[in-house]
Amino acid sequence: MLTATTPTLTPCETYHIKLAVADCSDWILDSGVFLKEGSFNAGNGFSVNTGVGGVSGINLMYEGCETGYFVFIREDTTDLSQPYTITGITLNNGSTATPGVDCNTIPTDFTIPAGLVRDTLWIDAYFDTNTEGIESLILNFPTGCPCAASTITKIMLIKDADPVDVEVTASVNP
């Protein structure tokens, strides 16, 4: 298998590849080239996962308790010596949580610094004493080549903190 990479390609431009194969026409061995479907791919550049309280893959957090997060992970197609910026992060229309009210504000851009494979966008759910049920923070992350754009959508759920009932009784110790 041959793997070739180059940092000098421009997205959405047309490129040509030339392959040369020799066959000595001895009728014993034949030559061939097989190209794997989808192997000419610029990749997404990153993936994103959710987590709560240090546990990856969980997306339910409680107001005023654990901190949630979106962790961005570079794919091996990005140059580690350069920062990698995810641009155009948006709040999905189906989101019921309001950034700045129910949780911290969400940036429209997020940068993984040079030298790091991953970095984390932290989400703090504010305790507000309102009974709201489970609210959803749904974020869209544009990804892929601009000429064949796609979107990653991730959901973080925010639940009201469960009330704690405390009953204090007095007792006298003899």
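Please keep in mind that the model is predicted.

Strand S4 (residues 67–74) joins S8 in the antiparallel sense over 7 bridges.

Strand S9 (residues 134–143) and strand S10 (residues 150–159) pair in the antiparallel sense over 10 bridges. Within that pairing, Phe141 has Ile152 in S10 as its bridge partner.

**Aromatic rings**

How many aromatic pairs are there in the model? The count comes to 6 aromatic pairs. One of them joins Tyr69 and Trp122: the ring centres are 5.5 Å apart and the planes stand at 65°, so the pair is edge-to-face. Because Tyr69 lies in strand S4 and Trp122 in strand S8, this pair ties together parts that are 53 residues apart in sequence. Tyr69 is buried, with a relative accessible area of 9%, whereas Trp122 is partly exposed at 47%.

Phe72 and Phe110 make an aromatic pair that is stacked, at 4.7 Å centre to centre and with 25° between the planes. Since Phe72 lies in strand S4 and Phe110 in strand S7 (residues 109–112), the pair links parts 38 residues apart in sequence. Both Phe72 and Phe110 are buried. These two rings also belong to one aromatic cluster, together with Phe46, Phe70, Tyr84 and Phe141.

**Cysteines**

How many disulfides does the model hold? The count is 0 disulfides. Cys65 is exposed, with a relative accessible area of 51%. Cys103, in contrast, is buried, at 0%.

**Surface and loop residues**

Ile17, Leu19, Val21, Val33 and Leu35 make a nonpolar surface patch of about 480 Å². Of these, Ile17 sits in the segment before strand S1 (46–52), and Ile17 is exposed, with a relative accessible area of 53%.

Thr129 is worth a look for its backbone: phi is near 60°, a positive value in a residue other than glycine. You will find Thr129 in the loop between S8 and S9. Why does Thr129 count as exposed? Because its relative accessibility is 63%, and exposed means over 50%.

Here are the accessibility values gathered in one place.

| Residue | Relative accessible area | Class |
|---|---|---|
| Ile17 | 53% | exposed |
| Cys65 | 51% | exposed |
| Tyr69 | 9% | buried |
| Cys103 | 0% | buried |
| Trp122 | 47% | partly exposed |
| Thr129 | 63% | exposed |

How values were computed: Residues numbered from 1 in each chain as written. Predicted model: local features only at pLDDT ≥ 70, side-chain atom pairs only at ≥ 80, totals over all residues. Heavy atoms only, no water. Pairing = 2+ DSSP bridges. Helix = DSSP H or I, 4+ residues; strand = E, 2+ residues; numbered from the N terminus. Patch = residues over 30% accessible without salt bridge, like charges linked within 9 Å, V, L, I, M, F, W, Y side chains within 5 Å. Areas by Shrake-Rupley, 256 points an atom, 1.4 Å probe, with all protein chains shown as cover. Salt bridge = Lys/Arg side-chain N within 4 Å of Asp/Glu carboxyl O. Buried < 20%, exposed > 50% of the residue type's maximum accessible area, 1.4 Å probe, protein only. Phe/Tyr/Trp six-rings, centres within 6.5 Å; stacked < 30°, edge-to-face > 60°. Disulfide = S-S within 2.5 Å.
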